[in-house]
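Please keep the model open as you read.

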Amino acid sequence: MKGATSVGGGGKDDSSAAVSTKNNKPKYSRFSQQELSAWKPILTPGWVISSFIVIGVVFIPIGLASLFASEHVPKHMKSPVFIYYELDNYHQNHRRYVKSRSDAQLRGKASESATDTCKPEAVTSNGQPIVPCGLVAWSLFNDTYRFSVKNEVLDVSKKNIAWKSDQENKFGSDVYPKNFQSGSLIGGGKLNSSIPLSEQVDLIVWMRTAALPTFRKLYGKIERDLPANTTVSVIIQNNYNIYSFGGKKKLVLSTTSCLGGKDNFLGGAYLFVGGLCLFLAVCFILVYVLRSRPIGDPSYLSWNRNPGGYVN
């Protein structure tokens, strides 16, 4: 009886396990079994050639319109007129340069001594931390510009030239410049020690390092219209040394259009892709006409259909 009880108990447990397994079995659905209807286009020569022609016909006019919008001069420049300085052959993306900064120090006063990643501009000769430390801040751009039209000085606004997220999250309102540009070798501009880093907009713009060796950064804004053919006089204080490494400096006045600021890359890219598609379309047409071959039966692409297209 003891053995029978053991067998009976085992049978009950097996039955419960079987019921549990049956209840946990996933419900059948066409989605889980990948049986939903789907459109699977067959890339026949006609489809491929037509697609390339359509892309070319659409992209080329867009490219021409983009270049026209970017190159159309002279024209009335509506406020605000953005002032950019452009640097060539300046590698802000160099690994050692990019790493020479302390984001923790920039965010809060409590991390003022966090200068381990800032070498060689980490501390002064007597061991005091430099705020902000690192080569990025040390090389701050410091050329200045003064604009005038018919001897009337144009005010340059620095309002909202830096990203709001950078000002609020990356640069602390309780962090003030300290021991900055106090060494024997001066890299760039100096900072007002009475203004917190969150309000040092020129520094914030400069600290957002560029990915390419040729880049533009926003210097300020002229908040008035400049009519077409207006002569703008510029007085430049040439402080920033870029000649030792063969760099170049440019000054750019620009406004925004429906396509953004002046940039020929977008229009050129559309023209290149459109022209390439038309060229490939012509090549495929020649190949299809001169060396054509019979097209296979698409029904063979499905494993559960006969060549005639009927289900087994």
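From the N terminus on, the elements of the protein chain run α-α-β-α-α-α-β-β-α-α-β-β-β-α. That gives eight helices and six strands, where helices (H or I, at least four residues) and strands (E, at least two) are DSSP runs numbered from the N terminus. This is a predicted model, in which local features need pLDDT of at least 70, side-chain atom pairs count only at pLDDT 80 or more, and totals for chains, interfaces and linings use all residues. Residues are numbered from 1 along each chain as its sequence is written, and side-chain values use heavy atoms, with hydrogens and water left out.

Let's turn to the strands. Two strands pair if DSSP finds at least two bridges between them.

| Strands | Sense | Bridges |
|---|---|---|
| S2 (residues 144-149) and S5 (residues 233-237) | antiparallel | five |
| S2 and S3 (residues 152-154) | antiparallel | three |
| S1 (residues 81-88) and S6 | antiparallel | seven |

S1 belongs to an open sheet of three strands, with the order S4-S1-S6 and antiparallel pairing. Its edge strands, S4 (215-222) and S6 (248-254), each pair on one side only. From one strand to the next, the twist averages 25°, with axes taken as lines fitted to C-alpha atoms and angles running from 0 to 180 degrees between N-to-C directions. Phe 82 has Ser 254 in S6 as its bridge partner.

Across the chain, 74% of contacts (heavy atoms within 4.5 Å) between residues at least 6 apart in sequence join residues at least 24 apart. Buried residues (under 20% relative accessible area) make up 28% of the 312 residues.

Now for the surface. Its accessible area is about 21100 Å², of which 58% belongs to carbon and sulfur atoms; the Shrake-Rupley method with a 1.4 Å probe supplies such areas. Which helix gives the most to the nonpolar patch? H8 does, with six residues. The patch covers about 840 Å², and Ile 53, Val 57 and Tyr 288 are among its members. H2 (45-71) and H8 (265-290) each supply at least two residues. Ile 53 sits in H2 and is partly exposed, with a relative accessible area of 33%.

Terms used. Patch = residues over 30% accessible without salt bridge, like charges linked within 9 Å, V, L, I, M, F, W, Y side chains within 5 Å. Salt bridge = Lys/Arg side-chain N within 4 Å of Asp/Glu carboxyl O. Buried < 20%, exposed > 50% of the residue type's maximum accessible area, 1.4 Å probe, protein only.
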